[in-house]
Amino acid sequence: MAGQARQWRTAAAGIAVLGLGLTACGGAKVGDSSSDAGGSGSSGKCGTFNLAVNPWVGYEANAAVLAYVAEQDLGCKVSQKDLKEEIAWQGFGTGEVDAVVENWGHDDLKKKYITDQKTAVDAGPTGNEGLIGWYVPPWLAKAHPDITDWKNLNKYADKFRTSESGGKGQLLDGDPSFVTNDAALVKNLKLDFKVVYAGSETALIQAFRKAEKDKQWVIGYFYEPQWFMSEVPLVKVKLPEYKTGCDADTEKVACDYPVYKLDKIVSAKFAKSGSPAYDLVKNFTWTNEDQNTVAKYIAVDKMTPEAAAKKWVEANRAKVEAWIK
Amino acid sequence: MTVAMEKPEKTEKPEPTGPDGPAVAVRRVSRRTVVAAILVVWVLLFAVLRGKQTLDLAAADLTDLHRWFNDANDSIGANRNSNPLFLYFFNEIRLVIDTLVTFVQELISQPFAGRPLPQIGWLGVVGIAGFVSWAVGNWRVALLAVAGFTFMGLQGLWQESMDTLALTLSAVFVALLFAIPLGVWAGLSDRFNRIVTPFLDFMQTMPTFVYLAPLTLFFLIGPASATIATMIYAAPPAIRITAHAIRSVPETTVEAADSLGATRRQSLVKVLLPMSKRTVVMGVNQTIMAALAMVTIAALIDAPGLGKTVIQALQSLDVGTAFNAGLAIVVMAIVLDRVTTAASAREETARRSGSRFLKWRRPLLGAGAVVTAVLVYMSHTYVWAAEFPGEAGVGSSIARGADTATTWAQDNLSGLTNTFRDVLTNGLLNPFQTLLTDSPWWLVGAALVGLGTVLGGRRAGVTAAVCVGLLVGTGVWSDAMTTLASTVVATVLVMALGVVFGVWMGRSLLVDRILRPTLDAAQVMPPFVYLVPFLALFGATRFTAIVAAIVYASPVAVKIIADGVRAVPAATVEAATSAGCNTWQLITKVQLPMARGALTLATNQGLIYVLSMVVVGGLVGAGALGYDVVAGFSQGQLYGKGLAAGLAIVLLGVMFDRITQAAARRVSA
């Protein structure tokens, strides 16, 4: 018993001595310096703004700029949430997501959440135009200029053969996030190709990057605006022109993809909340070139999204003022 | 699989183990003949019936079952806010778990009410890690823990690492809360064990992508969903291993306790639990490892931490940054693994090291606690101890190094790798896949049932028949056969690697010591990190998926086979050596045949691990079930098909698990 008491006393003394010594030589204390407390001092009436961030760099550029403006100019507390599209839309209903700021079509989701469940509303276009289609690496378009017309694809089909395509030409498809009609297209345009599912954007980019470097034959599904285009400017292959309704029956599609007017979707609750962040999202619009600039900062120059947004906002103050006036 | 299992038999002379030796040999020969006969009949019928009744389904096509899954999912989403089950049940669970995770996060990773930094800074966390490792393990693992945690700080990933740690610890804590009692129950009751096993199989083999989206419907976006997703995958090993631990307490010990008049409760608390403690801790270890394997996947539903860094870096194919974050996960896994392993071994070492040390242990522990408390206090108070200092120079040089290595490999090796890929794909994978996908479904089904019966006995055959039936029901039969072809090829390669490296490791402790950390790293490094260089080397092909699966699955096989080889009695090896066996003969005639049980177990585990990579394979060109699951996660109208594909993966897993396990029992009996 006594021994234990002595032990405790030693321990207590030890703590005291150590504590005193360290306080003397300690340095700055946590919470002392105001610089730590985060940039935005004035948290106005904005409150928390829950911004979904879908997993591609172009989206990240939109979100970074919006978040930067909301924080710096409106004094919002921005909570960015990294989510896939499906889950982000689901979040409108549960109140965990206020805004999706680059939406590619997704008529099925619009029907489900805007028309049926009425938990989301459209907040207008972002100003970006999305193209989807078949692309070839630039060297190929230069070496065989006629390849950019679908009518000539069969001529080259055997050049596109791989270990995966079962004797036909390989059409590399498949970022799983996007709807493709490619299997139907190949059939209806009577092309001697087989759709091979790469399975991710990463796989597609890597395939194109290698094709350009080693002069390989690759044709695949891709889209723009996309940061990768500034590294390797892929060339789009012309498909039969898109006319309204020509893709109505997915079995019989034989035309190009439409030009998507990318838009913003917000939760119904957020739209009615009177938050200045909603007005910001609603007024936000910029060009493909703007987005590519910020996306390039992030993906190629490896800046953090915040730093990239800061750089762009400082250089384009006039555009930003128009969103928040 | 059959190839791998026949391997030891080819070189084997029947062991003169007893009077029934010759009988066993006769039966084995006939079994091999039957297997060959089944295969021949299959190939012959395939030649005649090729392309008929293949149950092919195009990528965008759905069956009624898939549509029904879609509708069920939609109606849950639509009714979420009015359903009492949600209001009073799921919401409560979410609240509790959210509170727990947020509490741990505020302690070590996230700013807390007004403070710009968490309560405990890096110095405090490093102190606690070192002290706890020392208290439950030994000073060596304590040093490792301190070095490991400091390394994560030097990588410039302190906060991310702490977020990952907070989430992992919370998930493991909640998982163990359920898993250990359930494991004890399953250990005591055969009936409960039989009921719970299929659920555990399901939890471990169902791809996470399938239930990630519904989870966020039930538990919203946030820490609760991420924790529960992690728990679902991480709890089964703890349950299984706890049950196994309780079962392997010697019966005589329990009987002795009974005869001394112990009640059921007493014999559980005083005999069974203490005696199985060591193995239960290994279960905890496996749960932690499984939880860390979920880090990148949980990041897809906004779980903070290292996983996010990996995923974000890969959006711009930034392999260096992704590798740096992946390395932090590996370091954390190795630290936690070694500490828990040391904890399970500690009692014995302490007992052996004598009492003098024990007398000093308590005062030393007290002093250590005091020092830790001071460190925690300091890290709470002073900025230098709270925020990891420095510019993360280590992290950026690691990232640069990884980038350089990747670029070099891509530039210099891709010609070689492409040839290798084409030879293997055209020579082995394509013919085998054609046989599976172009045969009528009933022919493949019959062959599978037949092989199952021959190799695993009648019960395995019945399981195979049920699984084949259900596979047809999922509507993705053709995709399942494509996936099966790749899986089998990958497993064969895994076993080839496993035998080579396993024997090498089993025969030399030095090799073991050098290779083991590499194997650990290959097992816990998130696959997303090495997919990019693999894509550059092999393109978006099924072969890339196979290589990724091999990286993930072969460490398990290697470790099991190494253990098996080492378990061969030294006396036997010596006897063979003195009888004039050379090394080759020793390996092929003595060590491998005697490690036959380990070989079948390695096949079993290798196959299950390969199957768990099917979805990752779908991201790099494997198509089939993996792609179905990924697409189902990404597109609402394909959700039902993704779910069906997930079920198909589970069914393939259960079928092969039952067959290989039954075969393993037969072989070792």
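1. Leaving out residues up to four places away in sequence, B:Ile561 touches B:Gly498, B:Val499, B:Gly502, B:Val503, B:Gly506, B:Ala595, B:Ala598, B:Leu599 and B:Ala602. Please keep in mind while reading that this is a predicted model.

2. The next point is the nonpolar core. The largest one holds 300 residues, and A:Leu66, B:Ile561 and B:Ala648 touch the most other members. Helix α30 of chain B, residues 639-668, gives the most to this core, with 17 residues. Chain A takes part through both of the domains named here: at least three residues of the core come from each of domain 1 (46-127 + 261-324) and domain 2 (130-236).

3. Now for the two domains of chain A, which are domain 1 (46-127 + 261-324) and domain 2 (130-236). Their centres, taken over C-alpha atoms, are separated by 30 Å. Where they meet, 13 residues of domain 1 of chain A are in contact with nine residues of domain 2 of chain A. On the domain 1 side, α2 (57-72) and α11 (288-299) of chain A each supply at least two residues, and α11(A) gives the most, with six residues. By class, that side has seven nonpolar, four polar and two charged residues.

4. The two chains also meet: 57 residues of chain A are in contact with 63 residues of chain B. On the chain A side, the elements that each supply at least two residues include α1 (2-24), β2 (77-82), α8 (201-214) and α11. Helix α1(A) gives the most to the side of chain A that touches chain B, with seven residues. That side is made up of 26 nonpolar, 19 polar and twelve charged residues.

5. For chain B, the UniProt record (an unreviewed entry) places the feature "domain: ABC transmembrane type-1" at residues 161-340 and 480-660. Over residues 161-340, chain B is 87% helix and 0% strand, with the end C-alpha atoms 19 Å apart. Over residues 480-660, chain B is 86% helix and 0% strand, and here the end C-alpha atoms are 19 Å apart.

6. Have a look at B:Val573 too, which sits in helix α25 (residues 570-578) of chain B. Is B:Val573 buried or partly exposed? B:Val573 is partly exposed, because 17 other C-beta atoms lie within 10 Å, while a buried residue needs 20 or more. Leaving aside neighbours within four places in sequence, B:Val573 is in contact with B:Val568, B:Leu586 and B:Val590. The C-alpha atoms of B:Val573 and B:Asp512 are separated by 19 Å, and these two residues are 61 residues apart along the chain.

7. Back in chain A, helix α10 (residues 276-283) has A:Ala277, A:Tyr278, A:Leu280 and A:Val281 buried. These residues lie on the same side of α10(A), because they cover an arc of only 160° around the axis.

8. Finally, some backbone details in the loops of chain A. A cis peptide bond, with omega about 5°, joins A:Glu224 and A:Pro225; A:Pro225 is found in the loop between β7 (219-224) and β8 (235-236). A:Lys215, in the loop between α8 and β7, is not a glycine but has a positive phi near 55°. A:Lys215 counts as exposed because it has 11 C-beta neighbours inside 10 Å. A:Lys302, in the loop between α11 and α12 (305-315), is also not a glycine and has a positive phi of about 55°. With 15 other C-beta atoms within 10 Å, A:Lys302 is partly exposed.

Notes
Residues are numbered from 1 along each chain as its sequence is written. Chains are lettered from A and ligands numbered from 1 in the order in which they are written. This is a predicted model: local features need pLDDT of at least 70, side-chain atom pairs count only at pLDDT 80 or more; totals for chains, interfaces and linings use all residues. Domain bounds come from an automatic or database domain assignment. Two residues are in contact if their C-beta atoms, placed from the backbone, lie within 7 Å. Helices (H or I, at least four residues) and strands (E, at least two) are DSSP runs, numbered from the N terminus. Ala, Val, Leu, Ile, Met, Phe, Trp, Tyr, Cys and Pro count as nonpolar, Asp, Glu, Lys and Arg as charged, and the others, Gly among them, as polar. A residue is buried if 20 or more other C-beta atoms lie within 10 Å of its own, exposed if 12 or fewer, and partly exposed in between; C-beta atoms are placed from the backbone. UniProt positions are given in the numbering used here, feature names are shortened, and annotations may be inferred rather than shown by experiment. A nonpolar core is a set of buried Ala, Val, Leu, Ile, Met, Phe, Trp, Tyr and Cys residues joined through C-beta atoms within 7 Å. The arc is that of the directions from the helix axis to the C-beta atoms.
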